[in-house]
Amino acid sequence: MASSSATLSLCSAFSSHCNVASRRSSVILGSISKPSVNLVKPVIGFLSPSTASTSRPAFPVAPKFAESVVEAKPETTDVEAVVVSDVAEDKPKREEIFAVVMVGGRQYIVFPGRYLYTQRLKDANVDDQIVLNKVLLVGTKTHTYIGKPVVTNATVHAVVENQGLNDKVVVFKYKPKKKYRRNIGHRQPNTRIRITGITGYEEYPASPNVAV
Amino acid sequence: MTRIKRGYIARRRRTKLRLFASSFRGAHSRLTRTMTQQRIRALVSAHRDRGKRKRDFRRLWITRINAVIHEAGVFYSYNRFIHNLYKKQLLLNRKILAQIALLNRSCLYTISNEIKK
């Protein structure tokens, strides 16, 4: 599936990063390997009925917020560091933030940089910038912005990647002994959007996260 | 009328059927007549369970939320939590709450404290 190939590509990027990190003697970088392992965890499924036919697994898994992700800046002095810094910079760029957004009548947990499948957005073309307004919850590492019902002025920016169809489901209706059977195939149209950023939540009253 | 043999018409239909039933157990993937019957049963079950799946997952989410909420306070439970949720006009559904309970439990405790006030 697309998501599994996405995780595989993430895996290869992180494994190369980890190899590079072990060469350096700095203690800080050693801790980066832990969060990368978490991010590559197989996606468990509770994706909404949007991908009912593909079953839950396409749902992205959040990195554990309880651990601290140490973002180390690579040193720019060494020659080796020049090559290393390109790989190392991929990881720390991702902000530790998530939002719960409502699209197409369904709610999704959304992270910047990941994609998700929603119901077909009628007037969207490929490579359109989209703004999702119904943000119900924004969570950062230290604070949670709980919308009542919506976090005001919060927006989630996304790019439309693909307008396609779900896998085919065969709708087979059958009544035994009554000579009634109907065989119908169905492909639900969907849209794949990639989340680019979550903004606009700073002014809203925040609740600090409770220690577990 | 000239004589017409049936040729490969039936065989083409049954090959598709064989492909569909290729993972079934025992005679259900080998014998043509049982394969047709089992295909019908499989498709009917799939159709019925697509409806049931929505119910099953909602049950699972409720159970999970209940489990986590019980640890949040002594006389606190899922029904009170949902009642508070509706009183404060939050729109989060049970799927999202169950996912937050799994991945980010402190966030769920924050939500429940916020709506208890």
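1. A polar contact here is a pair of N or O atoms within 3.5 Å; within protein, one of the two must be able to donate a hydrogen and the other to accept it. With that in hand, the interface of chain A and chain B shows 7 residue pairs in polar contact, both residues at pLDDT 80 or more. Do keep in mind that this is a predicted model.

2. Staying with the interface, 1 salt bridge is found across it. The side chains involved are those of B:E114 and A:K148, with an N to O distance of 3.1 Å.

3. On chain A, the elements that each give two or more residues to the side touching chain B are β1 (98–103), β2 (106–110), β5 (135–139), β6 (143–146), β8 (169–175), β9 (180–186) and β11 (207–208). The largest share, 6 residues, belongs to β8(A). Sorted by class, this side of chain A has 23 nonpolar, 9 polar and 5 charged residues.

4. As for extent, the contact draws 37 residues from chain A and 32 residues from chain B. About 3,200 Å² is buried between the two chains, and carbon and sulfur atoms give 67% of that area.

5. Now for a sheet within chain A: 4 strands make an open, antiparallel arrangement in the order β3-β10-β7-β4. Its edges are β3 (115–119) and β4 (129–132), each of which pairs on one side only. On average, neighbouring strands are turned by 45° against each other, direction ignored.

6. The antiparallel strands β4(A) and β7(A), the latter spanning residues 155–165, are joined by 4 bridges. One residue to look up is A:V131, whose bridge partner in β7(A) is A:H157.

Technical notes:
Residues numbered from 1 in each chain as written. Chains lettered and ligands numbered in written order. Predicted model: local features only at pLDDT ≥ 70, side-chain atom pairs only at ≥ 80, totals over all residues. Heavy atoms only, no water. Pairing = 2+ DSSP bridges. Axes fitted to C-alpha atoms, helices over the stretch in contact; angles between N-to-C directions. Contact = heavy atoms within 4.5 Å. Buried area = accessible area lost by both parts, 1.4 Å probe. Salt bridge = Lys/Arg side-chain N within 4 Å of Asp/Glu carboxyl O. Polar contact = N/O pair within 3.5 Å; in protein donor to acceptor, adjacent residues only side chain to side chain. Nonpolar A, V, L, I, M, F, W, Y, C, P; charged D, E, K, R; others polar.
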